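This briefing describes one protein model for computational work. Please keep the sequence and the coordinates in view while reading.

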Amino acid sequence: MLMLQSLFLHNNRHKTVNNKMYQLAQINVAKMIGANIEDPVMKEFVEHFDSVNQLAEESNGFVWRLKDEDNNATGFNPFNDEQIIINLSVWKDKESLEDFTYKTFHVDFLRRRKEWFQKYGKAYYVLWWIKDGQYPSVEEALERLDYLQKNGPSEYAFNFQTAFQKPGLNIEY
């Protein structure tokens, strides 16, 4: 009986506190070659918005994406520049986002991005962990992208090549 009581007290002192589960947020920013989204050079890219967005939403691990009344994010203009478009989404984990990005027909658009887009800074996308049930604002996402461009990868803002793991469990003793 004493041994069982001792084991109980030991386990109670070593409580595991879950800091909630986390999900992966991402934003990517692109500066178009065309004057705006309606420029003829953007036609083929625009024609595939719906199919790429549908693929994303049906992908394993997809959680949420920023969209306007046209079912995409081109109506958002945080830079007050009609040549710049953004994409902001949330995924269950890094592997889910990587699968969508690099293992579906979405990768064809990545390979061809120079047909539609100019180079955008040192980094054009950023990843970071957010708590389950939360959704990032455009302002927060752009702040993290700016941080990545200025400071390089960290737990605060990273990319696929230098990804950081989900925040873990804290153990109290």
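Helices (H or I, at least four residues) and strands (E, at least two) are themselves DSSP runs, numbered from the N terminus. The model is predicted: local features need pLDDT of at least 70 and side-chain atom pairs count only at pLDDT 80 or more, whereas totals for chains, interfaces and linings use all residues. Residues are numbered from 1 along each chain as its sequence is written, and side-chain values use heavy atoms, with hydrogens and water left out.

**Overall architecture**

- The protein chain contains 6 helices and 7 strands, arranged along the sequence in the pattern α-β-β-α-α-β-β-α-α-β-β-α-β.
- Of its 173 residues, 38% count as buried; buried means under 20% relative accessible area, exposed means over 50%, and partly exposed lies in between (1.4 Å probe, protein chains only).
- The chain exposes about 10,900 Å², of which carbon and sulfur atoms supply 51%; accessible areas come from the Shrake-Rupley method with a 1.4 Å probe, and for residues only the protein chains shown count as cover.
- Among contacts (heavy atoms within 4.5 Å) with a separation of 6 or more, 76% are between residues 24 or more positions apart.

- Helix 3 (residues 49-58) has Phe49, Val52, Asn53 and Ala56 as its buried residues. They cover an arc of only 95° around the axis, which puts them on the same side of helix 3; the arc is that of the directions from the helix axis to the C-beta atoms.
- The cover over the buried residues of helix 3 includes helix 2 (43-47), strand 3, strand 4, helix 4 and helix 5.
- In helix 4 (residues 94-103), the residues Lys94, Ser96, Leu97, Phe100 and Thr101 are buried. Viewed down the axis of helix 4, these buried residues fall within an arc of 165°, so they line one face of the helix.
- The buried residues of helix 4 pack against strand 2, helix 3, strand 4, helix 5 (106-111) and strand 6 (125-131).
- Which residues does Lys94 touch, not counting residues up to four places away in sequence? Lys94, buried with a relative accessible area of 17%, touches Leu24, Trp129, Phe160 and Ala163.

**Salt bridges**

- The structure holds 12 salt bridges, each defined as a side-chain nitrogen of Lys or Arg within 4 Å of a carboxyl oxygen of Asp or Glu.
- Asp81 and Lys31 form one of them, with their closest N and O atoms 3.5 Å apart. This pair links distant parts of the chain, 50 residues apart: Asp81 is in the loop between strand 3 and strand 4, and Lys31 is in strand 2.
- Asp81 is partly exposed at 22% relative accessible area, and Lys31 is likewise partly exposed at 22%.
- Lys67 pairs with Glu57 in a salt bridge, the closest N and O atoms being 3.2 Å apart. Lys67 lies in the loop between strand 3 and strand 4 and Glu57 in helix 3, so the pair ties together parts that are 10 residues apart in sequence.
- Both partners have intermediate accessibility: Lys67 is partly exposed at 40%, and Glu57 is partly exposed at 33%.
- Lys150 and Asp146 meet through their side chains in a salt bridge of 3.0 Å, N to O. Both residues lie in helix 6 (residues 138-151), 4 residues apart, about one turn of the helix.
- Lys150 is exposed, with a relative accessible area of 61%, whereas Asp146 is partly exposed at 36%.
- A network of salt bridges links Glu44, Arg112 and Glu115.
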